[in-house]
Amino acid sequence: MFHPDLMRHPDSCPALVLNADYTPLSYYPLSVWPWQTAVKALFLDRVDVVSHYEREVRSPNFAVKLPSVIALKQYVKPSQFPAFTRFNLFLRDRFACQYCGTGSDLTFDHVIPRAHGGRTTWENVATACAPCNLKKGGRTPRQAAMPLHVQPIRPTSWQLQEHGRAFPPNYLHDTWRDWLYWDIELEA
């Protein structure tokens with residue numbers, strides 16, 4: 001019997017990683033491991049296989065189906081606050097300029113310019129498109145008459161996870177859907 005997974009190259013068979021409580025380690029970026037890491041963790045008895053692809057890899061002594069969903073055997077406590085990175089900043093601001101709302105040509109802007117003593121912190125940096133960033137220049141939003149849509153805050157990891165759910169990845173294997181969307185309100 002033909003199955004599409006059988007035609008897959010192993011490199012296109014990542015494993016969705018769930019915590020020991022069977023929730024994804026993260027939604028965005030989605031917690032996935034390459035097949036080699038998943039198989040190694042399986043042999044080291046660090047994960048349980050929840051679901052697998054039909055694709056298998058072989059050695060001279062055995063064959064194993066590639067895991068598509070794995071759960072860690074030991075719970076990993078998520079950190080309360082995420083790292084301050086460009087990606088996390090854009091995710092906090094939902095990939096939109098905080099001045100005009102566009103989602104293209106994004107960069108970041110110091111609300112209080114560095115020349116005026118502004119620091120590079122969660123509370124002083126906002127996502128901005130390049131044209132708005134140029135227009136605002138070295139002025140404050142008030143001086144430039146460019147109010148922010150949302151005041152910048154230091155987000156929690158939970159807040160970023162919630163924002164990430166609005167941006168699903170381009171590829172979701174069928175076996176992943178039950179684990180990613182188990183807490184979504186069902187339609188009547």
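## Reading a predicted chain, question by question

Q: What makes Tyr22 partly exposed rather than buried or exposed?
A: In this predicted model, Tyr22 has a relative accessible area of 32%. Buried means under 20% and exposed means over 50%, so Tyr22, at 32%, counts as partly exposed.

Q: Which other residues have a positive phi?
A: Phe95 is one of them, with a phi of about 55° although it is not a glycine. Phe95 is found in the loop between α2 and β5 (106–110).

Q: How do you know which side of helix α1 is its buried side?
A: Start with the buried residues of α1 (residues 35–43), which are Trp35, Ala38, Val39 and Ala41. They cover an arc of only 160° around the axis, which puts them on the same side of the helix. An α-helix has 3.6 residues a turn, so residues three or four places apart point the same way. The face turned away from that buried side carries Lys40 and Phe43, which are exposed.

Q: What do the buried residues of α1 pack against?
A: Their partners are β1, β2, β3 (47–58) and β4 (63–72). Contact means heavy atoms within 4.5 Å.

Q: Why can we say that the buried residues of α5 line one face of the helix?
A: In α5 (residues 157–164), the buried residues are Ser157, Leu160, Gln161, His163 and Gly164. Seen down the axis, they fall within an arc of 160°, so they line one face of α5. These buried residues pack against α2 (86–92).

Q: What is the volume of the second largest pocket, and which residues are closest to its centre?
A: The volume is about 170 Å³. The pocket is lined by 13 residues, and the closest to its centre are Arg92, Asp93, Val150, Ile153 and His163. Helix α5 supplies the largest share of the lining, three residues.

Q: Which residues does Asn133 touch beyond its sequence neighbours?
A: Asn133 belongs to helix α3 (residues 130–136). Leaving out residues up to four places away in sequence, Asn133 touches Thr107, Phe108, Asp109 and Ala128.

Q: How many helices and strands does the chain have, and in what order do they run?
A: There are six helices and six strands. From the N terminus on, the order is β-β-α-β-β-α-β-β-α-α-α-α.

Q: What share of the chain counts as buried, and what share of the contacts joins residues 24 or more positions apart?
A: Of the 188 residues, 39% count as buried. Among contacts with a separation of 6 or more, 63% come from residues 24 or more positions apart. The chain exposes about 11,600 Å², with 56% of that supplied by carbon and sulfur atoms.

Q: Where is the confidence of the prediction highest and where is it lowest?
A: It is highest in strand β6 (residues 125–129), at 97, and lowest in helix α6 (residues 177–180), at a mean of 72. For the chain, the mean pLDDT is 87, and 88% of the residues reach 70 or more.

Definitions and conventions
Residues numbered from 1 in each chain as written. Predicted model: local features only at pLDDT ≥ 70, side-chain atom pairs only at ≥ 80, totals over all residues. Heavy atoms only, no water. Helix = DSSP H or I, 4+ residues; strand = E, 2+ residues; numbered from the N terminus. Buried < 20%, exposed > 50% of the residue type's maximum accessible area, 1.4 Å probe, protein only. Arc of directions from axis to C-beta. pLDDT = per-residue confidence, 0-100. Areas by Shrake-Rupley, 256 points an atom, 1.4 Å probe, with all protein chains shown as cover. 1 Å grid on protein atoms, 1.4 Å probe; cavity = no way out; pocket = protein on both sides within 12 Å on 5 of 7 lines; lining within 4 Å. Points joined across faces, edges and corners; volume = space filled by probe spheres on them.
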